[in-house]
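Biologist: Please take a close look at the aromatic residues here, and then at the sheet.

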Amino acid sequence: MRNALFHRVKLAALGHYDELGALDADSGWDCDAWADALEDYFDVHDEIGTGPDARGPGLLIIDEQPGRWVVRQIFDDPAGDHDWGIGAVVDLAASDEAGAAVLRITDVGQL
């Protein structure tokens with residue numbers, strides 16, 4: 001799950017909206033939705049950090065609930081505000097069945 005979310009952070013940092021859309025269109029997050037959400041971020045910040053601090057546990061919030069985890073991957077912005085990120089739900093049963101994290105993106109934006 002951590003890797004799947006951070007993969008999206010790296011794609012967002014590079015502006016690879018087509019790839020993000022291919023991953024998340026089933027959640028309603030096609031390439032246009034990703035581009036729209038991240039346009040607002042890039043109006044405020046020049047980049048999304050992808051270094052060790054960006055991947056650290058301090059920028060990932062996990063709310064463990066029965067059958068699912070509600071998660072928030074916070075962006076490492078240059079100002080250190082940490083007020084933007086990706087919200088998602090991890091379906092635990094589907095993830096077990098798939099052998100990989102099954103995410104449904106719920107939000108991309110400012111907290």
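Modeller: Relative accessible area sets the burial terms: buried is under 20%, exposed is over 50%, and partly exposed lies in between (1.4 Å probe, protein chains only). By that scale F42 is partly exposed, at 27%. Y41 is buried, at 0%.

This is a predicted model: local features need pLDDT of at least 70, side-chain atom pairs count only at pLDDT 80 or more, and totals for chains, interfaces and linings use all residues. Residues are numbered from 1 along each chain as its sequence is written, and side-chain values use heavy atoms, without hydrogens and water.

Now the rings. Rings of Phe, Tyr and Trp (its six-membered ring) pair if their centres lie within 6.5 Å; planes under 30 degrees apart are stacked, over 60 edge-to-face, and the rest tilted. The whole structure holds four aromatic pairs. In one of them, the ring centres of Y41 and F42 are 5.2 Å apart and the planes stand at 85°, so this pair is edge-to-face. Y41 and F42 also belong to one aromatic cluster with F75 and W84.

Next, the sheet. Strands are DSSP runs of E, at least two residues, numbered from the N terminus. Two strands pair if DSSP finds at least two bridges between them. Four strands form an open sheet in the order 1-2-3-4, with antiparallel pairing. Strand 1 (60-65) and strand 4 (103-110) are at the edges; each has a single partner strand, so one side of each lacks a neighbour in the sheet. Strand 2 (residues 68-74) and strand 3 (residues 84-91) run antiparallel, joined by seven bridges. V71 has A88 in strand 3 as its bridge partner.
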